[in-house]
Amino acid sequence: EILDESGEQCCEICFSAFAELVDDLGNPLPPEYRNELVYCSGCDILVHQGCYGGNIRDAVPEGDWWCQACCLSLTQVQCVLCPVPHGPVKPTDDGRWAHIACMHFIAETEAGNVVLQEPVVNIKDVPEERFRMECIVCRSTSGACVQCEHMTGSRKRPSKFVTKGKGCCNRPFHVGCAAYIDPKKAGMPGRFYMDAKQLANDEIHHVKLCPVHAKRNYAELESSYAPNPTL
């Protein structure tokens with residue numbers, strides 16, 4: 001499970017504990033417009049309807065619900081993008097599996113069908129440099145890392161795959177490791193910050209900050225933060 005800073009259990013895809021059940025006036029939304037949190041009866045993952053997609057996107061099933069991996073009686077499905085063996089996954093277009101969260105937070109990958117949130121496509125477009133980076137949490141090179149994109153002193157964006165750069169943090173980490181592994185047990189100074197941010201052009205950018213920079217209030221970071229979708 002994944003907990004937010006207040007200790008509430010979160011969706012294991014968007015990392016938010018908020019469920020859309022009422023409109024702006026406080027009136028209950030009809031079922032087709034809700035975005036509830038749903039547990040898998042098999043592996044206990046918690047996901048939003050909209051985040052997981054597929055057969056729960058439009059309605060929460062009565063009784064038990066089983067995620068796709070559990071429907072296939074798969075246990076500890078290995079994500080091609082990180083070493084974490086649990087969490088909500090979807091099939092890739094090349095016959096493997098990937099976390100839905102990894103798909104969203106890694107810039108090159110996306111869902112072939114946004115309603116179903118599958119298959120995960122463009123795995124081949126993830127640069128080899130990402131697969132060679134050592135995660136600061138698990139200290140392995142298994143999977144593809146993202147990097148902290150906080151701009152510490154310069155607004156100039158770093159080159160595409162640098163691990164060091166003037167004015168840039170660039171600490172590499174797996175999305176799954178940042179989400180699931182206890183930061184204290186991993187020797188981290190705090191929690192990672194990962195969230196979807198709507199940009200001025202209405203595009204969605206998935207923000208990724210290491211614990212050093214996530215410790216600050218995000219509003220205070222915006223003066224020095226320039227989104228870099230290549231990291």
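Aspartate 94 is partly exposed, with 39% relative accessible area. The side chain of aspartate 94 forms a salt bridge with that of arginine 96. The model is a predicted one. This briefing covers the salt bridges and the cavity.

**Salt bridges**

- The count of salt bridges comes to five.
- In the bridge between aspartate 94 and arginine 96, the N to O distance is 2.6 Å.
- Arginine 96 is also classed as partly exposed, at 39% relative accessibility.
- Arginine 130 and glutamate 108 form another salt bridge, in which the closest N and O atoms lie 2.9 Å apart. This pair links distant parts of the chain, 22 residues apart: arginine 130 belongs to helix α4 (residues 128-132), and glutamate 108 sits in the loop between α3 and β5 (110-113).
- Arginine 130 and glutamate 108 are both buried.
- A salt bridge also joins the side chains of glutamate 134 and arginine 139, at 3.7 Å from N to O.
- Glutamate 134 has a relative accessible area of 40% and is partly exposed, whereas arginine 139, at 53%, is exposed.

**The cavity**

- One cavity of 30 Å³ or more is found in the structure.
- The largest cavity holds about 50 Å³ of space.
- Residues lining the largest cavity include Glu12, Phe15, Pro88 and His99.
- Helices α3 (100-105) and α5 (175-180) each contribute at least two residues to this lining.
- The largest share of the lining, four residues, is supplied by α5.
- Sorted by class, the lining has seven nonpolar, two polar and one charged residues.

Conventions: Residues numbered from 1 in each chain as written. Predicted model: local features only at pLDDT ≥ 70, side-chain atom pairs only at ≥ 80, totals over all residues. Heavy atoms only, no water. 1 Å grid on protein atoms, 1.4 Å probe; cavity = no way out; pocket = protein on both sides within 12 Å on 5 of 7 lines; lining within 4 Å. Points joined across faces, edges and corners; volume = space filled by probe spheres on them. Nonpolar A, V, L, I, M, F, W, Y, C, P; charged D, E, K, R; others polar. Salt bridge = Lys/Arg side-chain N within 4 Å of Asp/Glu carboxyl O. Buried < 20%, exposed > 50% of the residue type's maximum accessible area, 1.4 Å probe, protein only.
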